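Student: Please take a close look at one part of this structure, the aromatic rings and what surrounds them.

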Amino acid sequence: MSEEKKRFQYYGRRSGKTLRRHHLQLMEDLLPKLRVDLENPLPAGEVWLEIGFGGGEHLAHQAALFPEVNFIGAEPFRNGVAKLLALIEEKAIGNIRIHDDDVRYLLEKLPPASLARIFVLYPDPWPKKRHHDRRIVNADTLKQFHALLKPGGDFLFASDIDDYVEWTLRECREHGGLELVGNSAEPFENWLQTRYEAKAKREGRETRYLAFLKRG
């Protein structure tokens, strides 16, 4: 690993079960064509970013609904990337680019006011207090979100962990540049329930959907 890659400490999983043969082939053949070039990371036109797309169901759904929008998905978990690649191939989706590494390397390369929407859906809650600084929603990343969003752009957050919902509300309130415009148990418009969300519901956990708007 290069010195460049060592600047951020990553704590999550990078891989899970051994990939199936077809998924391995997609990782070798399709991923290089879709991988974001950090030296030129911004697609033309309107751009939406999903951070931590898991298995890619929501990202693929949004990209199919909005073919005029360019999507960037950030996910360092190899198995999740492979699942998204399979969806892209199956549905012939042509408006997704992938950053298969820590999103912080991408955030620092994107130009100011370049994103119309940022999704953070069911992020790792890091429930132990001593690990709260590992949460993707924190003072530093909110500064980046605010700088990267266009005026009128939005940050959409969903979690089934009450403490993380309250944390996000507090962090955004303290930041001051992202106005809360939605706090509901009802999903966002054009929502697709993921497998993770279905599991949370089966286990009796309710999701909160928070929407923040960059003003001015």
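**A ring cluster**

Tutor: Phe-155 is buried, with a relative accessible area of 0%; buried means under 20% relative accessible area, exposed over 50% and partly exposed in between, with a 1.4 Å probe and protein chains only. This is a predicted model, in which local features need pLDDT of at least 70 and side-chain atom pairs count only at pLDDT 80 or more, while totals for chains, interfaces and linings use all residues. Residues are numbered from 1 along each chain as its sequence is written, and side-chain values use heavy atoms, with hydrogens and water left out.

The whole structure holds 11 aromatic pairs. Rings of Phe, Tyr and Trp (its six-membered ring) pair if their centres lie within 6.5 Å; planes under 30 degrees apart count as stacked, over 60 as edge-to-face and the rest as tilted. For Phe-155 and Phe-157, the centres are 6.4 Å apart and the planes at 65°, so this pair is edge-to-face. Phe-157 is buried too, like Phe-155.

Phe-155 also pairs with Phe-212: the centres are 5.6 Å apart and the planes at 20°, so these rings are stacked. Because Phe-155 lies in strand β5 (residues 149-159) and Phe-212 in strand β7 (residues 208-214), the pair ties together parts that are 57 residues apart in sequence. Strands (E, at least two residues) are DSSP runs, numbered from the N terminus. Phe-212 is buried, at a relative accessible area of 2%.

Ring pairs join Phe-155, Phe-157 and Phe-212 with Phe-145 and Tyr-164 in a cluster. Over the ring of Tyr-164 sits the charged end of Arg-135, 4.5 Å from the ring centre; this term requires NZ of Lys or CZ of Arg within 6 Å of the ring centre and within 35 degrees of the ring normal.

Definitions and conventions. Helix = DSSP H or I, 4+ residues; strand = E, 2+ residues; numbered from the N terminus.
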